[in-house]
Amino acid sequence: MGIIAWIVIGLLAGAIAKALMPGKDPGGIIITMLIGIAGGLLGGFLGKVIFGVESIDGFFDLSTWIAAIIGSVILLALYRLITGRGRGHRRGHVHA
């Protein structure tokens, strides 16, 4: 697949991952796209290692999209864990 295909898959897979895991994340569309692209690569790698299948075959293959979305969800969860976002923290809230 070409770079444009990876960007499109990354953008859509990252957006789907954010829809599955709602919450505020800093970075906007750029971070979403990067998480999606890296998630696609991670999902493809995990599919190959765990299930022994080539899960990143082509743009229109369902396995490509499933791998990208699962990888994106994993990376979004790690991103939130590292940045401390998505757990309901209230910054600046003072208890009286």
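**Note on the packing of helices α2 and α3**

1. In this predicted model, helices α2 and α3 pack against each other with their axes 6 Å apart and at an angle of about 120°. The crossing of the two helices, α2 and α3, is right-handed.

2. Which residues make the contact between α2 and α3? On the α2 side the list includes Ile31, Ile35, Ala38, Leu42 and Leu46, together with the glycines Gly36, Gly39, Gly40, Gly43 and Gly44. On the α3 side the contact is made by Ala67, Ala68, Gly71, Ser72, Ile74, Leu75, Leu76 and Tyr79.

3. Is Ser72 buried or exposed? Ser72 is buried, because its relative accessible area is 0% and buried means under 20%. When neighbours within four places in sequence are left aside, Ser72 is in contact with Ile35, Gly36, Gly39 and Gly40, and also with Ala13, Gly14 and Ala17.

4. Ala68 is another of the α3 residues in the contact with α2. Not counting residues up to four places away in sequence, Ala68 touches Gly39 and Gly40 as well as Ile9 and Ala13.

5. The largest nonpolar core is made up of five residues in all, namely Ile9, Ala13, Trp65, Ala68 and Ile69. Two elements, α1 (3-20) and α3, each give two or more residues to this core, and α3 gives the most, with three residues. Ala68 and Ala13, both members of this core, also touch each other.

6. Gly47 lies in helix α2, which covers residues 28-51. Gly47 counts as buried, because its relative accessible area of 8% is under 20%. Along the chain Gly47 and Gly71 are 24 residues apart, and their C-alpha atoms are separated by 9.7 Å.

7. The protein averages a pLDDT of 75, and 75% of the residues score at least 70. Among the elements of the protein, α3 has the highest mean pLDDT, at 84, whereas α2 has the lowest, at 79. The pair of helices discussed in the opening point, α2 and α3, is therefore made of the elements with the lowest and the highest mean pLDDT, as pLDDT is the predictor's confidence in each residue.

Key
Residues are numbered from 1 along each chain as its sequence is written. This is a predicted model: local features need pLDDT of at least 70, side-chain atom pairs count only at pLDDT 80 or more; totals for chains, interfaces and linings use all residues. Side-chain values use heavy atoms; hydrogens and water are left out. Buried means under 20% relative accessible area, exposed over 50%, partly exposed in between (1.4 Å probe, protein chains only). Contact means heavy atoms within 4.5 Å. Helices (H or I, at least four residues) and strands (E, at least two) are DSSP runs, numbered from the N terminus. pLDDT is the predictor's confidence in each residue, from 0 to 100. A nonpolar core is a set of buried Ala, Val, Leu, Ile, Met, Phe, Trp, Tyr and Cys residues joined through side-chain atoms within 4.5 Å. Axes are lines fitted to C-alpha atoms, for helices over the stretch in contact, and angles run from 0 to 180 degrees between N-to-C directions. A crossing is left-handed if the near helix is turned anticlockwise from the far one by less than a right angle, and right-handed if clockwise.
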